Amino acid sequence: MLVQLLVTGLALGSMYGLVALGYHITWATSRTMNFSQGHAVMVGAVIAWALVVALGWPLPIGLLATLLALAVFGALIERVAVRPFFRASSPAWLLSTIACGIIAENVAQLLFGKDARAFPSALTQRPILVGGAGFYPQELLIPVVGLGLMALVQLFYHRTRYGRQLKAVAWNAEAAGLMGINVPRAVMASYALSALLAGVAGVLLAPLLNVAPTMGTIIGLKAFAVAIIGGLTSAPGIVLAGLGYGLLEAVVAGYVSTGAREIVGFALVILVLMVRPWGLLGAPPARRV
Amino acid sequence: MRRSASLLLTLSLLVAAATGAVAQSKEPVKIGLSAAVSGGSAASGEAIKRGLEIAIGEINAKGGVLGGRPLQLVVRDDEGQPAKGVTIARELVEREKVAAVFGGLHTPVALAQVAVWHELKTPYMGAWAAGTNITRNGQSPNYVFRVSANDDDADKFLTRYATEVLRKGKPGLLLENTSWGQSNEAGLTKWLGEKGIRAVGIEKFNWGDPDMSPQLLRLKNAGADHVVLVANAPEGAQVVKSRAKIGWEIPMVSHWGISGGRFAELTGELSDGVAFLQTYSFFGKQNERGEQVLKALKEKYGVKGPEDVIAPVGTANAYDGLHLVALAIEQAGSTDGAKVRDALEGLKAEYKGLIKTYRRPFTAEQHDALTDADYIMVVWRAGKIVPLAAK
Amino acid sequence: MGRAGWATVAVAALLLPLSTSNTYYLYLACSVGLLTIVAAGLNVLAGFAGQISLGHAGFYALGAYGAGLAATRLGWPLWAAVPAGMVLAAIVGAAVGAAALRVSGPYLAMVTIAFGIIVEHVLVEWVSLTGGPGGIFNIPKLTVGGSYWPIAGCAAAALWLTANLRASAWGRALLAVKSSEVAAESLGISAYLARTTAFTISAALAGLAGGLFALLNGYISPDSFTLQASILFLLALLFGGLGSVAGPLVGGAALTLLPELLTGLADYRLILYGSLLMVSIYGLPAGVVGAVGARGRRSAPDTGLPLPALSPEGRGVETAGEVLLGVEGLGVSFGGVVALADVTLTVPARGITAVIGPNGAGKTTLINLITGYYRPGAGEIRLAGEPIAGRAPHAVARLGVARTFQTAQPFDDLSVVENVMVGVAGARLGALGGALLHGPGTRRRERALRARALQLLAVLGLAARAEEPAASLPAGLRRWLEIARALATEPRLLLLDEPAAGLSPTEIAELDARLTALRSQGGPAIVLVEHHMELVMAISDRISVLDYGRVIAAGAPATVRESPAVIEAYLGLPA
């Protein structure tokens, strides 16, 4: 059973980390985030299902279209729910992004239907059996893709010019603007990227979880917990926290009970914040005096 | 002066009575529905609504009730929230003045509403929520009725099937972590106990859980020779998939939750052989009512065939329930809540319904029209529901 | 809402149960009352203290289950069970607040979300105590009509308490912390304590509402205490008007009644809900109450009574020549960059000491070190001989150190006179109970605080604008307000950070005159960090010059002016 738990835990954990990285990206750029990241996961799964399963598009094209749609979704959220409150010190963006998520869920329910639907995948047909336990190849693919993507994002930020520009905006938006960086566009790009990552998680998870309009909420919440535990300002922290959280969940569910899983997971968030208020590897926000 | 005044008074009273009677004869009799129409369980609310609408359509086509009054459905979304359910209950009775109210999937909502029906003296007909305490609520006179499964009877039925038909003696229980699961844990433990059996393990899972392998592995390690499942379709599908994932070929006996919600689509051939309880099935040979209802489903809602019927038990239960309520209203001769209640408890007419033929369906002690004698055991085969011969 | 508005509401509330026996309307009214109570509590936390909680369904649950268990398991009567639930919620609220409020923003939001979810799951899992998913039955209850009176009464009490709180030193302290935490700390207020108190009050009110909820329904289950419920509570407050006393009532009524009017649109419920949230945030930043323009804050009339003394804690009157502040070998670096190195400075108990230097020399850093906002890497700071380096800002403030900021930080959520009243009270907020109940002791204190504040405003020429919101002051006057507020704390030492920046020549002359007056009338020792050379030269008794974090000259103005090092630092040319 331990092997099974480890595989499942790593798969889910890497997805939490991927979605959580989305929180980090927007936070790092604009000190705001999309509180409905979880709904972006759902939108990704739903659109991919609509194109690939319902309409029968070939998988690569369907995936590409899904990613494009997600980028648009993210940009839309930024434009409507975040930008109006960007400079104000009010946390209004927190609640307006929640509102967007709620609306997205209802729209999905109206268009997609109220039932959960299956997303067939070749990688969830035959399980691999290892000593009395089993897992699907998809569960092995997920952490590989997840970690790979997270590494790519890191490379993007550190090695490419545009990525460094985005980091500059986080550091000091005014100065970045004066240096010729288009700040609003940079923030919008960060939201688009963050939604895209969430959508990828949705597509990867769809064969395992089934597609439903309500599938995103709990993932978004747990990914947020992961982002907080790892430290909103630290990408490596988040990746580690994601894997750790996924493994912890699997182990607690496996050896204790599923009820305990949620309690332990969220209690961990509170414990970590009591000991390290800005996350394991995060930095406190500078207080301007 | 006095005489003409009293003449005038009498005349106006007569006119008022006459217009009142005329108005009454066209005034619809309202029937309320309190169910989850949005959110994760919305399919169940939709199914119940369809059953009610089809039955109402049939009755109105034949002239309605109480001498020409049409039935009218008033739907309210309780969002699966007990407090919302209570608000709706009061609104339906006090503002909409319904004659009776039908209920939805959520046991906690139904439980919260029990007090209201008794306070406001309005009969309630459950069409899905199977919690034992809904009808067995200790109230007298009891205003809560149900045409649906009752967890206590369902557990008796499942236990009997597992022990007498499957001849298995080491059950592992796998239940959803809700009040429905809780109600069945109590029932299964009781009926297994009557046979001198204890479950080798009792495992729980939450709504939305993707993977039940750990629970199944624990049951496997505890030596279970069959699994008794209490789950709704999405979770039931994940249970079946988890069972395949860990390569455990074990017989599974389930409560009814896995009949709707595209269970077949979600599990494919993995669900073959999973036996479960139904009050009614639209697959296979239908009686006359069944044909009628299927036809109405096709015409009104674009349903293509039995495999397209969402949450069929809701539709079937609600359909029969409404006919029974209409008969009670006729027998009571009014929409007064206490009278309709008494009529339901002492229903004289025989009703050849969809699920069965009802003769005196309710008594003072029994407010569930269906018992384990009425349930059928069915099994999934290649995406279709097939009745099993033995009960 | 003016008096007439409240009177109308009160009359309507009294008449409702007497004019109808329709239990649907009465139940709705009770639901409005419950939501009002929770929203009033959240108003104290979010509206006054500026902290967002998305987990208050957890306290609602604690109140409900506390009352429910006390009534069913312990057999307590309802009038004891409901307060028991409230006390339970308050205790847990204090604990959670103390743990959580060391963080803010999204970190705090996450902690509250986590708390709410944990409570929800514990309710489900701990079957032997809570009845599990099935919940608790047969809680003794009153009829709907009978429940109306306690609920309406508690709702009225909750609103009354928040109104009292708003008009008290505690309330002002909360709003101060919300507007500008650093400025509040500089006046001696512990932001952490203020927020934790607000959190506890909000938890207690949510718990009270929960207990009444159990009493109203007779049945409780975990389904009623989800994250959705927490969001609903916050939405009610936002929609009604964050920070206004009537907001919780308006929002509670709107969010209970609107869904009832839109029952036909059940399929679109979430869209409407989300859109309402968006509308509240976008178009009604001050909620319905703010949009309707109800801004009436009644100002307590100045009764002209003799002013009772406020008993400043004997700060000791130092003689003129004594050293009040001694800084020795002070140094600090930020991320490898040396901001200050080996800075030594003495400030006598009387007089004006100036600290000047080019931009980036470390002048503000010096002030921040002295006032406790930064910890020094090396060196000592002594106030009247007592080491104070590294103490928290509010602790340093309570020792009699006041300061102003480079960019003025008035408390925008308060009026001009209220700003100064915060300074007068400082850390002495009075008893919380008195503040909530607006007892006679509190009323006396309020009059005294206000009178002293008005005095100070008069001295600085701001008396005419006393009742205006601080946010509406022009830039020059904001600085005067800040100085008035700092002086209100009756400090021994006043640090002014570039007070002349952006002032016109007339205003600078005024500043000159007032600082001189302060010195001659026995005011605090003043440390003046400035750029404006004329002003500095005219009024300082001593000047220290900083450049690249080091002291390059110190002494009388004439000496410093001639110093070659100073000339080079400023003009870049060798003398």
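# A tour of chains B and C

Start where chains B and C meet: 23 residues of chain C are in contact with 23 residues of chain B, contact meaning that the C-beta atoms of two residues, placed from the backbone, lie within 7 Å. This is a predicted model, in which local features need pLDDT of at least 70 and side-chain atom pairs count only at pLDDT 80 or more, while totals for chains, interfaces and linings use all residues. Residues are numbered from 1 along each chain as its sequence is written, and chains are lettered from A and ligands numbered from 1 in the order in which they are written.

**Stop 1: chain C, side touching chain B.** Select α2 (23-48) and α13 (269-283) of chain C, the elements that give two or more residues to this side. Helices (H or I, at least four residues) and strands (E, at least two) are DSSP runs, numbered from the N terminus. With five residues, α2(C) gives the most to the side of chain C that touches chain B. Colour this side by residue type to find eight nonpolar, eleven polar and four charged residues. Ala, Val, Leu, Ile, Met, Phe, Trp, Tyr, Cys and Pro count as nonpolar, Asp, Glu, Lys and Arg as charged, and the others, Gly among them, as polar.

**Stop 2: chain C, side touching chain A.** Here 35 residues of chain C are in contact with 33 residues of chain A. Select α5 (105-125), α11 (227-240) and α13 of chain C, which each give two or more residues to this side. The most comes from α5(C), with 15 residues. By type, the side of chain C that touches chain A has 27 nonpolar, five polar and three charged residues.

**Stop 3: C:Ala556.** Select C:Ala556 in the loop between β10 (550-555) and α23 (557-562) of chain C. C:Ala556 counts as exposed because it has 11 C-beta neighbours inside 10 Å; a residue is exposed with 12 or fewer other C-beta atoms within 10 Å of its own, buried with 20 or more, and partly exposed in between, the C-beta atoms being placed from the backbone.

**Stop 4: chain B as a whole.** Along the principal axes, its C-alpha atoms fill a box of roughly 95 × 40 × 35 Å. Of the 391 residues in chain B, 59% are buried. Among contacts in chain B between residues at least 6 apart in sequence, 69% join residues at least 24 apart.
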